[in-house]
Amino acid sequence: MDFRNAKVGFIGFGSMASAICDGLLMKNVVEPSAIYACARNMDKLRAACDKRGINACAGAEEVAAASDIVVIAVLPQQVEGVVKDAADALRGKPLFSIAAGIDYAHYVSYLGEGFNHISTVPNTPIAIGEGIIVAEATHSLTPEQLALFEGVFGQIAKIEYFSSELLSLGGTGAGCAPAFVDVFIEAMADGLVKNGMSRAQAYKIVPQMISGTAKYMMESGKHPGELKDAICTPGGTTIVGISALEETGFRYSLIHAIDKIMEKKHSM
Ligand SMILES: NC(=O)c1ccc[n+]([C@@H]2O[C@H](COP(=O)([O-])OP(=O)(O)OC[C@H]3O[C@@H](n4cnc5c(N)ncnc54)[C@H](OP(=O)(O)O)[C@@H]3O)[C@@H](O)[C@H]2O)c1
């Protein structure tokens, strides 16, 4: 089917589902009238749907019946109950799961064989069409359903496939780490404010510096070390800043943060 006419359903319409929906609407991927959503609290759901001009549905079965592709966007511990209850309606539909930690094997254990699903972890910049979707390479979408998934959601996120073993780690890098960048922005701004810049001015330059630096690296294909070296004049000021970062363990802080997240995930 042509993905431009796709009808997209959301089972669960909290923070992450709204972020995906907002990305689809912002980038004109899907018309508001072709988006369907359900949640438990109807008043809250109606308010969220009316604001976006999308359809509020009474339950998962109604969403599945109306949609060509269904996003499973409830909390991880809610997935089993939700998909088992709506199993008849979900059979044959491509299911795009965003629940952290709920991989292909979990879906098979909940639904058995004969369902079409892909497990992923998206991240919040998807709300402006700049997301990453870390997707499990093992899935049960048909080639047509996979093309539909990529055709619709590939317009608001870069889709990267990982083995089942690396899905959770990929989710840490894509889904958790935006919070690290937010802290980085805030801390950089603190340093600028401490030295006399206004907070408003700091929040204008720091995010653009990060966005531009990341794009430059991706578009030039250069190694980050090479780009760093190019800014560090011998005997200059930038290398003094780099040296101070090393002194306070900046690199190790990030490595340690990933270690701790993975430790926590493995204990759950
Ligand atoms: N937030 C992120 O940055 C992020 C990133 C990657 C992945 N994820 C994944 O995205 C999923 C959703 O996370 P979130 O942050 O969006 O959570 P959330 O804001 O709590 O949203 C959960 C949604 O599920 C609905 N829901 C619960 N039980 C339901 C049921 N039986 N039938 C229909 N809807 C039901 C809730 O409705 P009510 O509010 O009415 O109860 C709510 O709309 C999670 O599995 C999470 O792992 C989140």
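Trainee: In which sense do β6 and strand β7 pair?
Mentor: This is a predicted model. In it, β7 covers residues 131-136, and Thr120 has Ala135 in β7 as its bridge partner. Three bridges join β6 and β7, and the sense is antiparallel.

Trainee: Which strands stand at the edges of the sheet?
Mentor: The sheet is open and has eight strands with mixed pairing. Its order is β3-β2-β1-β4-β5-β6-β7-β8. Two strands have a single partner strand each, so one side of each is left without a neighbour in the sheet. Those edge strands are β3 and β8 (157-162).

Trainee: How many bridges join strand β1 to β2?
Mentor: Strand β1 takes in residues 8-11 and runs parallel to β2. Within this pair, Val8 stands opposite Ile35 in β2. The number of bridges is four.

Trainee: Which residue in β3 stands opposite Ala37?
Mentor: β2 also pairs with strand β3, residues 55-56. The two run parallel and are joined by two bridges. Opposite Ala37 stands Ala56.

Trainee: Are the residues Ile35, Tyr36, Ala37 and Cys38 of strand β2 buried or exposed?
Mentor: In a regular strand the side chains alternate between the two faces of the sheet. Strand β2 (residues 35-38) has Ile35 and Ala37 pointing one way. Tyr36 and Cys38 point the other way. On either side, these residues are buried.

Trainee: What handedness does the β-α-β unit of β1, helix α1 and β2 have?
Mentor: Helix α1 spans residues 15-26 and belongs to a unit with β1 and β2.

Trainee: Why does Asn28 count as exposed?
Mentor: Asn28 lies in the loop between α1 and β2. Asn28 is not a glycine, yet has a positive phi of about 55°. Asn28 counts as exposed because its C-beta neighbours inside 10 Å number 10.

Trainee: Which elements give two or more residues to the shell around the ligand?
Mentor: The ligand is surrounded by 27 residues, and the closest are Gly12, Gly14, Ala39, Asn41 and Ala99. The elements that give two or more residues to this shell are α1, α4 (76-85) and β6 (116-122).

Trainee: How many residues of domain 2 are in contact with domain 1?
Mentor: The domain assignment gives domain 1 (3-162) and domain 2 (171-267). Their centres, taken over C-alpha atoms, are 32 Å apart. Eight residues of domain 1 take part in the contact. From domain 2, the number is five.

Trainee: How many charged residues are on the side of domain 1 that touches domain 2?
Mentor: Five residues on that side are nonpolar. Three are polar. The number of charged residues is none.

Trainee: What percentage of the residues of the protein chain count as buried?
Mentor: The protein chain has 12 helices and eight strands. Its C-alpha atoms fill a box of roughly 70 × 40 × 35 Å, taken along the principal axes. Of the 268 residues, the buried share is 31%.

Technical notes
Residues numbered from 1 in each chain as written. Predicted model: local features only at pLDDT ≥ 70, side-chain atom pairs only at ≥ 80, totals over all residues. Buried ≥ 20, exposed ≤ 12 C-beta atoms within 10 Å, placed from the backbone. Pairing = 2+ DSSP bridges. Right-handed = clockwise from strand over helix to strand, strands pointing away. Near = placed C-beta within 6 Å. Domains from an automatic or database assignment. Contact = placed C-beta atoms within 7 Å. Nonpolar A, V, L, I, M, F, W, Y, C, P; charged D, E, K, R; others polar.
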